[in-house]
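I opened my notebook to get to know a structure that was new to me. Here is what I looked up, entry by entry.

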Amino acid sequence: MNDLGQLLHGARDEIAEATGPIDERELTRVRGTVRRARIQRHTFESVGAAACAGVLGLGAWSLTSSDSSTPVDPATRSATNGPTSAPSPTTDATTEPTTEPTTAADDGPAVRAAQIDDATVLARLSAPRTGERWFDEAIEASDALDALFTADELANGPDYQLTLVGDREASAIYALSFPGVQEDSVAWGARVELYEIDEDGPRAIVCPSARTTDACASDFSSSKAVEDRDTFYDTLTLPASLALGDGWALSTEATRAEANRVGGMSLPAAGSGERLEDVATFGPLTVARRDVVSNLDGLRSSSYVVRTPFGSMIPVADADVPGLDYLDITWDDGVDRSTRGADGDWANYAQAPAVGTCSTAQFSVENSHDAAQWRTAGRTADGRDVVVPAPGNPLAAAVHDWQLENSGTIDPDSGDTLTGLDAGYRFATTDDFLAAQSLYGVQGPGGEWHLQLRPEATNIVWECA
Amino acid sequence: MARPWEQLLDQVARERYPRLVAHAALVAGSTSDAPDLVQEALIATFRGRARFTTVEQAEAYVRRAIASRAIDEVRRRKRERLVALRAAAEPTPPDTVEPPGPGRDVLRALALLSPRERACVVLRQMEDLSVTETAHVLNLSEGAVKRYTSDGLARLAQILGTHPHHPDETVPVRPTTTPAVQVPRLTPTTNPEGAR
């Protein structure tokens, strides 16, 4: 009988002999990854000390917690990815740290208030009282994950992504995000959470706004962090109104009231088919159009988001976008269409006509708008003209046909797949579709027409998955 | 001029790579994942704060990182498959079958062990780590290390038709939940196309 040890060692030697040297390109990749990680580690270890002389930040806390038996490299501020006091995401990222002192917008204590006028909010966005500094580029910080989670959680939980995004006094500020596919629902899969870590350990920043009336995050993921409802940032406080030009503005009232939008969500991943186009800046905040893939040629479909200085985006709620409130439109034909005709939250507001029900797009814009193909048919609650397709407008038929053809569901009794009208789509013909004023347009910033689809005319789906 | 850690990394990667790949193959029960495991372990070892100054010390760290990452990788794949099944997003890919190659029979036998059994056997049997050291590397209790090692060695001996190398394991072999008759016995002459 063979000795097991001999077999194992023999197998190891056989495999080793058959293995060639490491590929030079792979070694270069390994070396580069290690170098970046070490630069990042030095940077976040130095944040606390650099921000407040005599106070040891994360480096000191780390030493006394999980890694106290190993030496720490001398804290050195990296020459790259330095913090700036008022970054502008729309400008090219600089690798030089900005050390200019911040000019305060006001000299009062940094306290929250229930109401803050927009002039003050805007001034503080550029000159925050609260001392935070955001990095021009987030720094990968997976080495610090053990400050937020136990080893078991890291081994068995989602593949958390942690980045160092800024600092405030002796604290380092981190953004925690999640991969798109994981064990829990996709609804929170892309959520971003903010944490500060200092010598006392990690804190989850759940109420980042300076307004006491804005929503706080209802929960957070870290098992090691304590909830911090006191820390807030002037640079993360949304103005009540975001003017995009031509007297056209987004509200933020509904957006600020939603607990799941507090930290925003991850930016679109490369290859997702989504694209962000910045349209206006408000200090470190940027309003952007989030383009998704349109299902109809000649139409660009978008929604609005607010990009944060730490690399997340906050979707602007439908209620805050002018023109989406279909139920409040007054129609010239005298027909009252203010009663919601479908169940579900999705049925409260219109959506982009060139996408399906499950899309996030709020409006579509034609590549070339021909005013002769449209006629005025009503007014929104805030007095904007509402146009609908003129007879023969080919876009109406295209939208109707796509929504009808892409309607499908499952018969709950038989389990059969149902499509089109059988699935419950309400409009058999384009004429029916038009008679219900399903497709309409409201003028947006820059004079372009935002086309929208009433909720009842969107395609039927079994579920958005 | 390269920093000391870069010089050490280069030296470990160039001089010890084949041995590290072989170690990774045994721990993972597969040669296909071994190069990736080695590279991840090199990154994990040299990005951290470990205190080592010689190639031998660095190699020892990398070997331990390979073992702990092999277990994590298996866990991650299991989670992803569960998620995929739950979401019915994609069909679950079948387990790969070790292709013919060096050490194939031993690898096929190791692949039949659980990831923890495999890691414990390799670290205890081949790396000569103590129970305490193995428990630390794999984030297991010492009792679990003894049990996994004992079970793993017993199964390997049964599959390969050998006798265990470590007769002094202090925990008696736990009665296996798999009847002996169901454990495939692999020899160079049986099922040369590979067994599932």
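I call two residues in contact if their C-beta atoms, placed from the backbone, lie within 7 Å. This is a predicted model, where local features need pLDDT of at least 70, side-chain atom pairs count only at pLDDT 80 or more, and totals for chains, interfaces and linings use all residues. Residues are numbered from 1 along each chain as its sequence is written, while chains are lettered from A and ligands numbered from 1 in the order in which they are written.

**Chain B.** I found seven helices and zero strands in chain B; helices (H or I, at least four residues) and strands (E, at least two) are DSSP runs, numbered from the N terminus.

**A helix pair.** Next I looked at where helix 6 of chain B meets helix 7 of chain B: Val131(B), Thr132(B), Thr134(B) and Ala135(B) touch Glu142(B), Val145(B) and Lys146(B). Their axes, lines fitted to C-alpha atoms over the stretch in contact, come within 8 Å and cross at roughly 100°. The two helices are therefore roughly perpendicular (65 to 115 degrees).

**Chain A.** I then turned to helix 7 of chain A, residues 394–405. Leu395(A), Ala396(A), Val399(A), His400(A), Gln403(A) and Leu404(A) are buried there. Pro394(A) and Glu405(A) are exposed on the face turned away.

Definitions and conventions. Axes are lines fitted to C-alpha atoms, for helices over the stretch in contact, and angles run from 0 to 180 degrees between N-to-C directions. Angles under 35 degrees count as roughly parallel, over 145 as roughly antiparallel, 65 to 115 as roughly perpendicular and the rest as oblique. The expected span of a helix is 1.5 Å times one less than its number of residues. A residue is buried if 20 or more other C-beta atoms lie within 10 Å of its own, exposed if 12 or fewer, and partly exposed in between; C-beta atoms are placed from the backbone.
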